[in-house]
Amino acid sequence: MAAAAEGVPETHREEPVRDDAAVETTEEAKVPAEADITELCRDMFSKMATYLTGELTATSEDYKLLENMNKLTSLKYLEMKDITVNISRNLKDLNHKYAGLQPYLDQISVTEEQKMYLLISLSFKILTQLELFPP
């Protein structure tokens with residue numbers, strides 16, 4: 001409309017340039033022959049089957065990897081369980097031995113206390129005799 005307002009007739013307006021390679025004519029848009037469609041369908045299904053086979057194979061390999069990882073993890077847990085059982089058994093043995101030694105340890109403590117009191121008493125007597133410590 002702006003072109004008409006300026007005095008340029010509408011019939012002389014520039015048309016957009018078309019690329020002839022991108023435009024189909026009615027002859028090119030014909031439906032392919034039945035044999036072509038059949039062959040294209042077979043090709044498509046063959047490629048789809050190859051793709052799905054690849055996807056299923058990859059998924060199967062992933063599950064095999066997970067299965068192997070689970071087996072290894074299970075073995076590691078069994079090893080850890082054996083180690084824990086051994087540690088627990090050794091700890092019980094050590095506690096039993098300590099309980100067996102406890103009376104001797106108590107005697108040592110009592111003897112140490114007696115020796116300490118004796119040493120203090122003797123030190124006090126010596127200091128008193130030397131008159132370094134008032135009675």
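How many residues apart are lysine 64 and glutamate 61 in helix H2? Select the pair and look. They are 3 residues apart, about one turn of the helix. Keep in mind throughout that this is a predicted model.

**Stop 1: lysine 64 and glutamate 61**

Show both side chains. They meet in a salt bridge, at 3.9 Å from N to O. In general, side chains of opposite charge can pair when their charged atoms come close. Lysine 64 is partly exposed, with a relative accessible area of 44%. Glutamate 61 is partly exposed as well, at 43%.

**Stop 2: lysine 47 and aspartate 43**

Select lysine 47 and aspartate 43 next. Their side chains form a salt bridge, and the N to O distance is 3.4 Å. Check the spacing along the helix. Lysine 47 and aspartate 43 are 4 residues apart in helix H2, so about one helical turn separates them. What is the accessibility class of lysine 47? Its relative accessibility is 55%, so lysine 47 counts as exposed. The cut-off for that class is over 50%. Aspartate 43 has a relative accessible area of 35%, so this residue is partly exposed.

**Stop 3: glutamate 79 and lysine 76**

Move on to glutamate 79 and lysine 76. These two also make a salt bridge, with the closest N and O atoms 4.0 Å apart. Both residues sit in helix H2, 3 residues apart, which is about one turn of the helix. Color the pair by accessibility. Glutamate 79 is partly exposed, with a relative accessible area of 45%. Lysine 76 is exposed, at 51%.

How many salt bridges does a search of the whole structure find? The search finds 4. Among them are lysine 47 with aspartate 43, lysine 64 with glutamate 61, and glutamate 79 with lysine 76.

**Stop 4: a nonpolar patch**

Leave the charged pairs. Select Tyr98, Leu101, Tyr104, Leu105 and Ile108. Together these residues form a nonpolar patch on the surface.

Zoom in on tyrosine 98. Where does tyrosine 98 lie? This residue is in helix H2, which covers residues 34-129. How accessible is tyrosine 98? Its relative accessibility is 48%, so tyrosine 98 counts as partly exposed. A residue needs over 30% relative accessible area to join a patch, and tyrosine 98 has 48%.

Definitions and conventions: Residues are numbered from 1 along each chain as its sequence is written. This is a predicted model: local features need pLDDT of at least 70, side-chain atom pairs count only at pLDDT 80 or more; totals for chains, interfaces and linings use all residues. Side-chain values use heavy atoms; hydrogens and water are left out. Patches are made of residues with over 30% relative accessible area and no salt bridge: like charges are joined within 9 Å, nonpolar side chains (Val, Leu, Ile, Met, Phe, Trp, Tyr) within 5 Å. Accessible areas come from the Shrake-Rupley method with a 1.4 Å probe; for residues, only the protein chains shown count as cover. Helices (H or I, at least four residues) and strands (E, at least two) are DSSP runs, numbered from the N terminus. Buried means under 20% relative accessible area, exposed over 50%, partly exposed in between (1.4 Å probe, protein chains only).
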